Amino acid sequence: MESRDEGDGFLSQEGALLERRKVPGRAARILVEGIVQGVGFRPFVHRLAKSLKLSGWVLNSTRGVEIEVEGTEAAIMDFYNEVSARTPAAARILKKTIKFHPPVGYSSFVIKESAEENLRTALISPDIAVCRDCLAEMLDESDRRHLYAFINCTNCGPRYTIIESLPYDRPRTSMRKFTMCSECEREYNDMSNRRYHAQPNACHFCGPAVQLFSRFGPVPSEDPLRRASELLRSGHIIAVKGVGGFHLACNAEDEDAVRRLRLGKNREMKPLAVMSPNSRTVMEFCDISPAERELMESPKRPIVLLKKAERCFIAESVAPGNDSLGVFLPYTPLHYLLLRPPLRAIVMTSGNISDEPIVITNDDALKVLSGIADYFILHDRDIVSRCDDSVVRVIGGRECVLRRSRGYVPYPIELNIDLGECLACGGELKNTFCLTRGDSALLSQHIGDLRTLATLNFYKSAIAHFERLFSITPQTIAHDLHPEYMSSKYALARGGVLVGVQHHHAHIVSCMAENGIGGDAIGVALDGAGYGADGRTWGCEFLLARLEGYKRLGHLRYVPLPGGDAAALEPYRMAISYLYQTYGQGFEFEARRVGERWARDKIEILTGMIRRGVNSPLASSAGRLFDAVSALLGVCDISTYEGQAAMELEAISRSDLAESYPIKAEVDGDGTFVIDPAEMITHLVEDVEKGAPKPILAGMFHNTMAQTILEGCRLSRQLTGVKDVALSGGVFQNKILTEKALKLLEGNGFVCHLHRVVPPNDGGISLGQAVVAASKARKG
Ligand code: ZN
Ligand code: ZN
Ligand code: FE
């Protein structure tokens, strides 16, 4: 095929023309960017090129994989399309480009060795669940890796959690200390092998090994995982070393074992995750939709929140007061060997005490977890990066990530704006941080509650590791406006170009950015608490949001939080505050069913504090309104974990059978509208007095909140003419409310945007902070 656009002029020379007869019609340089290194991409390219009779080469470079192909134009275009259509399981292509140029005359297709150049801009793959092929080999008695707990290949295995630095090569991972045996080495160097350049490649003979320990030392065993499985069945608690940290495991059907685990972990009520061998077994204790099943089986293997089945054989104390369970499937060969029949489900909760980071070293496990675990499954492959399990929930038929960690991190979030190099420090609870380079945002794994010293140290070292790993030296540092957040203090101490970002603006921009909205949007931010621009606590906000700024259009009426932070831990305080605000001083608690459980003296102290304005900061928080209603209905007076009152309220709610209460919005002196829940509170109180069923009242409340969102958006649209709505904040982890609000908004001509891969809770605000800071800088 002739092409004139190349302008190489070589047709004019007869010699060259003769030469050209031997070479194919066209040549092209293809650049593939994304996660394409260490995932079997080059052998795949090699096979594909050969099958299409193309010559040339493939090479790992700083930007990804570079390919040179020569052949007919049709074959080249087939190749270009197939590269993304038939990508290896673990690879993820973000971008590919093709550029045609004159042919060179390659005789064959080869894999070129990458020079020891700086590969730091290449991306790192998240950890990938064990693949089908490896699992089959592991269960095959004739295979040399029969029952090997660390079997892996280029399509599966640990990645991010074992990498110390780039380029991704065995000497820069915690596999460094294991020298491959000749058999493993042969696989590693054989291009036609599934383990070609699989960095964690290992076997019984040369790789990591499992050992069973009791509190008193090693327990000799032929098959430690079979022994551990028996120990689980007989009611023991075992600390199990995994990919991103330790788990504490026990039989999920054994009420006593679960209670003992809770006691040891100092975790009273917060739901525990359950691991089960396959989806079929999960269906025996949970209802599961096709979308939920797909997520659960995906190589990311997140914990998926599922509704408990009518007959659920899981011990009640695994998730007390909850209608759902967090369930995940095994994701390492070790897990499969541990979860042997007849075990159907085991608790697999993070191996830590209370809010401390999960334990990652053998020594720490033996020290810190020995008060809880009877036995320990240890191994000698070190965990470089701590990474909790990710948690997702299907909302509105789509994945909503509640905790973005293992399996997801450090996959970049692609934005269609250039952010330059920036560090966003995140929030205080459920903290993540975010580093940006160009149009990619690298969101960290779940860090946790920064008020714990150990977690704060983890935060600082994780930031340093990320900066080194991705070779980013940010000058712009974005942070929350809250002066007391440890993340804000970190930013201040660090210095640089500091940009403070309002909490709810960050929430909304995080949602806008991942949905590619660059213009105006109505932001609906519902959460527990965020530092407001007026110094008060915000949390039910309607904003006219832009990437670089926002205007507060409306909010929930302020109420006092009697006792400040204590109000978030004790929902009944919020009930009293709302009753006081609605009825005034004369509310007769003693004559009402509402609040009959509350001690008289407590009521007096709290109403006194509110009246005199002592330690009762004002808040417009949706989370605290959920708390108040949860306590008014007698569902939850005291929270033992964040979000408990709201979760239990959602769990009992029958919104399908309920209507909604009236709610009023009026325009304030400063032009913002204020939503007043007083009328809803009086109706609720009357219905409680009448003894109406709690599930219906909880449903009424959810429906009223959805109506409130619609009303707020209507008013916002009147004020601005904007139809795009971004929903963000921790309250949108609530499936009933989110789905209801979505339906109402879309039925009323709004275009709704929900989070997808970034959490709606405070785990997502670092992304928003980064985008706001970069956008402010750009607009000067
Ligand atoms: Zn595999
Ligand atoms: Zn080996
Ligand atoms: Fe928040």
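**View 1. The loop that holds P410, and two cis peptide bonds.** P410 is found in the loop between β17 (398–403) and β18, where helices (H or I, at least four residues) and strands (E, at least two) are DSSP runs numbered from the N terminus. A cis peptide bond with omega of about 5° joins V409 and P410. Another cis peptide bond, also with omega of about 5°, joins P341 and P342, and P342 lies in the loop between α10 (333–338) and β14 (346–350). This is a predicted model, in which local features need pLDDT of at least 70 and side-chain atom pairs count only at pLDDT 80 or more, while totals for chains, interfaces and linings use all residues. Residues are numbered from 1 along each chain as its sequence is written, chains are lettered from A and ligands numbered from 1 in the order in which they are written, and side-chain values use heavy atoms, with hydrogens and water left out.

**View 2. The site of the zinc ion (ligand 1).** The SG atoms of C131, C134, C153 and C156 coordinate the zinc ion at 2.3 Å; donors are N, O and S atoms within 2.8 Å of the metal (3.2 Å for Na, K and Ca), and as water is not among the atoms, sites may look incomplete. The angles among the four donor atoms run from 104 to 118°, and the site is tetrahedral, a term that requires all angles of four donors to lie between 85 and 135 degrees. In sequence the donor residues follow the spacing C-x2-C-x18-C-x2-C. C134 in helix α4 (residues 132–139) and C156 in the loop between α4 and α5 (182–189) are 22 residues apart, a pair that links distant parts of the chain. Both C134 and C156 are buried, that is, under 20% relative accessible area, with exposed meaning over 50% and partly exposed in between (1.4 Å probe, protein chains only).

**View 3. The six-stranded open sheet.** The strands stand in the order β18-β21-β20-β19-β22-β23, with mixed pairing; two strands pair if DSSP finds at least two bridges between them. β18 (413–414) and β23 (497–501) are at the edges, each with a single partner strand, so one side of each is left without a neighbour in the sheet. Strand β19 (residues 422–424) pairs with strand β22 (residues 476–480) in the parallel sense over three bridges, and A424 stands opposite A478 in β22.

**View 4. Two residues with positive phi.** N266, which is not a glycine, has a positive phi of about 60° and lies in the loop between α7 (255–265) and β10 (274–275). N266 is exposed, with a relative accessible area of 57%, whereas S471 is partly exposed at 36%.

Conventions
Four donors count as tetrahedral if all angles lie between 85 and 135 degrees; four count as square planar and six as octahedral if opposite donors are over 155 degrees apart and all others between 65 and 115; anything else is irregular.
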